[in-house]
Amino acid sequence: MLETTQALFHLGPLAVGTTVVTTWGIMVVLSLGAWLASRRLRLDPGPFQVALEGVVQTIRAAVEEVVPRRADTVFPFVATLWLFIGIANLSSLIPRVHSPTADLSATTALALLVFFSVHWFGIRIQGLRPYLRHYLSPSPFLLPFHVIGEITRTLALAVRLFGNMMSLETAALLVLLVAGLFAPIPLLMLHIVEALVQAYIFGMLTLVYIAGAIQSLEARRSPKEEET
């Protein structure tokens, strides 16, 4: 934990730590990977293209299952979030690299991104006034509870991912100190599975929050409005 917050260098008054460097490194890798992977797509795909298409189709199917009518709108954001968190969680498998998601500042930034994205999707699809009006439903007296709910679930999203990834890294370190090289493979497999599970949970919760912002208003539309 301490190492993730240590400054590597300074940009003026700003201290740049390992979390920032690793996060930007992952974004560069993802951007270059997406550019390289989409350069030579073929109708007769090779094994690499088949694997990539399988990942994309799996994420797409999950999005369509939750928001079938808005999958095209939501898919790019949710898929990017899923891939980023998955790779960030797995980055600690590289020696001397700490996962950004084991730093509370990084998970808080991701949770805030989800917080603003939920409202952005809701306003974009439903309009500002209808979206804000749902906070007064079914009674204006419930407005404080809606606001508290928005804040607490954002905090929970940040703390859940941070706590799980920090404990995973700590547990892995302790097992390696005790067992040494006698248990590297089971520990490695456990780390990979847990890292992917945590990325899946974060992405799925994001998807559910966005679906709640979109579909709670659509459900209140009359059948006549749906036809138009």
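This is a predicted model: local features need pLDDT of at least 70, side-chain atom pairs count only at pLDDT 80 or more; totals for chains, interfaces and linings use all residues.
Figure 1. An α-helix has 3.6 residues a turn, so residues three or four places apart point the same way. Helices are DSSP runs (H or I, at least four residues), numbered from the N terminus.

**Figure 2. The span of helix H2.** H2 takes in residues 18–37, and at 1.5 Å a residue its 20 residues should span 28 Å. The end C-alpha atoms lie 28 Å apart, which agrees. The expected span is 1.5 Å times one less than the number of residues.

**Figure 3. The largest nonpolar core.** This core has 39 residues. A nonpolar core is a set of buried Ala, Val, Leu, Ile, Met, Phe, Trp, Tyr and Cys residues joined through side-chain atoms within 4.5 Å. Val63, Val74, Val78, Ile85, Phe202 and Ile210 have the most contacts inside the largest core. At least two of its residues come from each of helix H3 (47–66), helix H4 (71–90), H5, H7 and H8. H4 gives the most, with 11 residues.

**Figure 4. The largest cavity.** Its volume is about 50 Å³. A cavity is a set of points on a 1 Å grid over the protein atoms alone where a 1.4 Å probe fits but cannot get out, and lining residues have an atom within 4 Å of a point. The lining consists of Ala111, Val114, Phe115, Val118, Glu150, Arg153, Thr154, Leu157 and Tyr209. Helix H5 (104–126) and helix H7 (143–179) each supply at least two of the lining residues.

**Figure 5. The second largest cavity.** About 30 Å³ of space lies here. Leu157, Arg160, Leu161, Gln198, Ile201 and Phe202 line this cavity. H7 and helix H8 (184–218) are the elements that give two or more residues to this lining.

**Notes.** Residues are numbered from 1 along each chain as its sequence is written, and side-chain values use heavy atoms, with hydrogens and water left out. Local features need pLDDT of at least 70 and side-chain atom pairs count only at pLDDT 80 or more, while totals for chains, interfaces and linings use all residues.

Definitions and conventions. On a 1 Å grid over the protein atoms alone, a cavity is a set of points where a 1.4 Å probe fits but cannot get out, and a pocket is an open set with protein on both sides within 12 Å along at least five of seven lines; lining residues have an atom within 4 Å of a point. Grid points are joined across faces, edges and corners, and a volume is the space filled by probe spheres set on the points. Buried means under 20% relative accessible area, exposed over 50%, partly exposed in between (1.4 Å probe, protein chains only).
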